[in-house]
Amino acid sequence: MTGTADQTAAPTPATPRGALNRRGPFRAGERVQLTDERGRMNTVTLAADGEFHSHRGVLSHGELIGRPEGTVVENSAGFRYQALRPLLKDFVLSMPRGAAVVYPKDAGQIVTMADIFPGARVVEAGVGSGALSISLLRAVGDQGHLHSFERRAEFADIARGNVETMFGGPHPAWRITIGDLAQELGQYEQPGSVDRVVLDMLAPWECLDAVATALAPGGVVMCYVATVTQLSRTAEAMRADGRFTEPDASETMVRGWHVEGLAVRPDHRMVAHTGFLLSARRLADGSERLAPKRRASKSEYSQEDLDAWTPVALGERDVSDKKLRRAGREALGLAERAARATGPAGAGVSDPGAQDPASAGPGGAAAAAPVPGEEQEDRP
Ligand SMILES: C[S@@+](CC[C@H](N)C(=O)[O-])C[C@H]1O[C@@H](n2cnc3c(N)ncnc32)[C@H](O)[C@@H]1O
């Protein structure tokens, strides 16, 4: 069945949120990734009268609108670009952000190792720029529930913009609460009601009491931390809490390969370190963790150790409110354009799998004005 997509309508199980705006010919308002012959990437938001300028000439967006994904186009100087919609991994590395995002390789591990399943009730903190939220929303699906907690409202704006750009509108399974997880979680989620908790923050150990209370027996807590000192302190805090199984720690290294003729070898460069994953399961109330006996002295910290673990010592950079507000405006502007691109009078997305072609509503796919400064070269 063919129909005009309306990403603002409630999705049916046959049209999961975000599916329609990933198919069909390019439309005004969409994000498109242009890759040149040397593999350099730029992401642009298509506008009917838009142009992509580089020192190698000008490409009119009109060359792309209405053409299929994978089209190769030439600019005014005969310089060629291959045009594709960004995949999730490309999107999170080029979207506006105010803090380090969870890298795609780690997001994939988190979704699998924390067993984020369709329909799950998941809690996440902090939200940061929303990179991990996007992966978690895809995994829980439209029928699931992701409740994200973030201490700083400015980050929540950036995340909301990025999530809405990715899905073409608000996601039905998502809710953000502004506040500290340790204080807020118990106000919103009943004890024993949450299936999975994912923490990406400086001090996850401060939240473990609230997390253990919210998690259902057998539920998973997964922490993503950048340094070994955080890893160690979180693991010891899980053990000390007594309501978790013995924690598992890992890191994920992905090494690219150069494969050309007989020159087949690992890439010279790689993203060597991003973070560590630490996970554990919630024990049933009244049960005790089973683990090999350890010598207590090995795991104890002095107050002096704990005092040294300040945010600055752990490498956290202070991000100014001004920078966050700018990234938030950019993210929300992109979301507005994405909603217009997939809205009722968008360029008519065909979705052969959709059982409920969206109803046409008022409004139109106005030529989206480019966001100042958004045609940036993609970040590695
Ligand atoms: C590294 S960022 C998260 C990045 C995010 N996972 C992503 O992929 O974009 C860490 C965030 O946690 C927030 N945060 C730190 N401690 C928190 C807490 N106790 N409760 C809620 N948010 C917290 C910070 O404000 C910051 O935005």
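The numbered points below go from the whole chain to the sheet, the helices and a few single residues.

1. This is a predicted model, in which local features need pLDDT of at least 70 and side-chain atom pairs count only at pLDDT 80 or more, while totals for chains, interfaces and linings use all residues. Residues are numbered from 1 along each chain as its sequence is written.

2. The protein chain contains nine helices and 15 strands, where helices (H or I, at least four residues) and strands (E, at least two) are DSSP runs numbered from the N terminus. Of its 380 residues, 43% count as buried; a residue is buried if 20 or more other C-beta atoms lie within 10 Å of its own, exposed if 12 or fewer, and partly exposed in between, with C-beta atoms placed from the backbone. Among contacts between residues at least 6 apart in sequence, 73% join residues at least 24 apart, a contact being a pair of residues whose C-beta atoms, placed from the backbone, lie within 7 Å.

3. Seven strands form an open sheet with mixed pairing, in the order E9-E8-E7-E10-E11-E15-E12; two strands pair if DSSP finds at least two bridges between them. Strand E9 (174-178) and strand E12 (248-251) stand at the edges with a single partner strand each, so one side of each has no neighbour in the sheet. From one strand to the next, the twist averages 20°.

4. Within this sheet, strand E10 (residues 194-199) and strand E11 (residues 215-225) pair in the parallel sense over five bridges, and Val197 stands opposite Val221 in E11. Helix H5 (residues 181-188) packs on the sheet, where it touches strand E7 (121-125), strand E8 (145-150) and E9, and its direction makes about 145° with that of E8. Axes here are lines fitted to C-alpha atoms, for helices over the stretch in contact, and angles run from 0 to 180 degrees between N-to-C directions.

5. Gln183 and Cys207 are 24 residues apart in sequence, and their C-alpha atoms are 8.4 Å apart in space.

6. The axes of helix H3 (residues 131-140) and helix H4 (residues 153-167) come within 9 Å and cross at roughly 45°, which makes H3 oblique to H4; angles under 35 degrees count as roughly parallel, over 145 as roughly antiparallel, 65 to 115 as roughly perpendicular and the rest as oblique. The contact is made by Ser133, Ile134 and Leu137 of H3 with Ala159, Val163 and Met166 of H4. By class, this contact has five nonpolar, one polar and no charged residues, where Ala, Val, Leu, Ile, Met, Phe, Trp, Tyr, Cys and Pro count as nonpolar, Asp, Glu, Lys and Arg as charged, and the others, Gly among them, as polar.

7. The axes of H4 and helix H9 (residues 321-341) come within 7 Å and cross at roughly 25°, and the two helices are therefore roughly parallel to each other. Among the residues that meet are Phe155, Ile158 and Arg160 in H4, and Leu324, Arg325 and Ala331 in H9. By class, the contact of H4 with H9 has 10 nonpolar, four polar and six charged residues.

8. The buried residues of helix H2 (residues 104-113) are Asp106, Ala107, Gln109, Ile110 and Val111, and they pack against H3, E10, E11 and strand E15 (276-281). Asp115, in the loop between H2 and E7, has a positive phi of about 55° although it is not a glycine. With 15 C-beta neighbours inside 10 Å, Asp115 counts as partly exposed.

9. Two further backbone features may be worth checking by eye. A cis peptide bond, with omega of about -15°, joins Ala125 and Gly126, and Gly126 has its place in the loop between E7 and H3. Strand E13 (residues 257-260) and strand E14 (residues 263-266) run antiparallel and are joined by four bridges, with Glu260 opposite Ala263 in E14. E13 and E14 form a hairpin with two residues between them, and Gly261 in the turn has a positive phi of about 55°.

Definitions and conventions: Two residues are in contact if their C-beta atoms, placed from the backbone, lie within 7 Å.
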